[in-house]
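Please keep the coordinates in view while reading.

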Protein chains: 2
Amino acid sequence: MKMESAVKGETRKKILDLAEALLLSHGYHGFSYQQISKVLGVRNAAIHYHFPHKTDLGVALIQRYRRRFARFTDSQQLLSGREQLERYFELSETYFAKDRQICPSGVLSTEFPRLPEIMQAEASAFIDEMRSWAVLIALKGRAEATMTYAGEAEAIGAVLFSTLQGALQLARIDENILVTVKNQIRAMLGINMAGLHEKADK
Amino acid sequence: MKMESAVKGETRKKILDLAEALLLSHGYHGFSYQQISKVLGVRNAAIHYHFPHKTDLGVALIQRYRRRFARFTDSQQLLSGREQLERYFELSETYFAKDRQICPSGVLSTEFPRLPEIMQAEASAFIDEMRSWAVLIALKGRAEATMTYAGEAEAIGAVLFSTLQGALQLARIDENILVTVKNQIRAMLGINMAGLHEKADK
DNA sequence: GACAGCTTACTAACCGGTAAGTAGAGTCAG
DNA sequence: CTGACTCTACTTACCGGTTAGTAAGCTGTC
């Protein structure tokens, strides 16, 4: 017997969504088709129908991330550098709030050497896009004089990206580190938060 | 027939060394007893003899890291904050040079939710020790006026630790990021490297 | 009747883990 | 000095479960 599901790309989308959550909490090698099929109430082979190899699923996941991130940066274009920075911060906050996930770049760079080649290529491109966006934020912030810093925007972007990735992972062990680090980055970029959203670390 | 090996804790040490390399490049769930036993030329069960459960091996690995790190910080006590910082930097450089490994804290925090409880406890303690050392460096640097920064030493330590962990992982994709980030951190701590060891990023 | 979207039923390889046996070195009583 | 015993450090031979992956069949919709 066949049943419900009905809508066209429904199952495929559900697989991607579940795989994404599993990727961010367990890593690429840390989840299996079984885990997905069990939750979705389908058979293992149903997933192989949509994604013949696990690599196909992995690539699809990263490509979706890249499309999403491109839309995200597009939507942020008109904001000030300072506001863009806050949105960048919010991204990591969102991951953490959702079951202590870490950011995709963190998973992908950690597992990088064990990833299939096609996934490595996608991951590299994605990570470079995330890094580049951080650089653009730093550039814009300096141009608008809403940020002040010594050195190149390239280096600030690199620090921004690295720090958030590291802090998001370490937040699994020490919850305070994310807020602490963000405040310190703001301070280092000459951003005075005078009583705004988040309180300084005690 | 028995043979060679001879020395007392030889095999056990070889297992630990190999497992360590595998942990740093592939992650805890990314290596198996088979991989170790194959390289060592022993049977699978030989590893189970020394480490009945994989968890035992994992715990032993972290405990060894903790002992090593304690010796490291002890040996650095008398150095200036600035010199201690450089040695802290060198730690990550060493990992990267060795087969693009990432630091243990990176692996452990990434895999944290899937780690057995006993390993989580060890990992938490270890990571807190690494974080604390970064804070001590910041404190000493400020006390000696070899570093200058706004905000608390706690926050500087957190940024230092997070940034290096993130950058070391991202260096697998973008080799330059480690050097770039270190230079920027020095700049942010008011450290002028005037033509010293490493060139500034272009 | 063609096709999308599954299911059933399977495979080979590998996972961590265990039980039982054994070679060799060391210990000790007579 | 020797035979009996014990301990360490394995090996051989398994176990049940899980992994990704495949082939073939079925069903509802257009």
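What is the accessible surface of chain A, and how much of it belongs to carbon and sulfur atoms? The surface comes to about 9700 Å², with 55% belonging to those atoms; areas are taken by the Shrake-Rupley method with a 1.4 Å probe, and for residues only the protein chains shown count as cover. The model is predicted, with local features requiring pLDDT of at least 70 and side-chain atom pairs pLDDT 80 or more, while totals for chains, interfaces and linings use all residues. Residues are numbered from 1 along each chain as its sequence is written, chains are lettered from A and ligands numbered from 1 in the order written, and side-chain values use heavy atoms without hydrogens or water.

Chain A holds nine helices and zero strands, where helices are DSSP runs of H or I of at least four residues and strands are E runs of at least two, numbered from the N terminus. Its C-alpha atoms fill a box of roughly 65 × 35 × 35 Å along the principal axes. Of its 202 residues, 50% are buried, that is, under 20% relative accessible area with a 1.4 Å probe, protein chains only.

Among contacts in chain A (heavy atoms within 4.5 Å) with a separation of 6 or more, 65% join residues 24 or more positions apart.

The mean positions of the 26 positive and 23 negative charges of chain A lie 6 Å apart; Lys and Arg count as positive, Asp and Glu as negative, and His and the chain ends are not counted, with charges placed at NZ of Lys, CZ of Arg, CG of Asp or CD of Glu.
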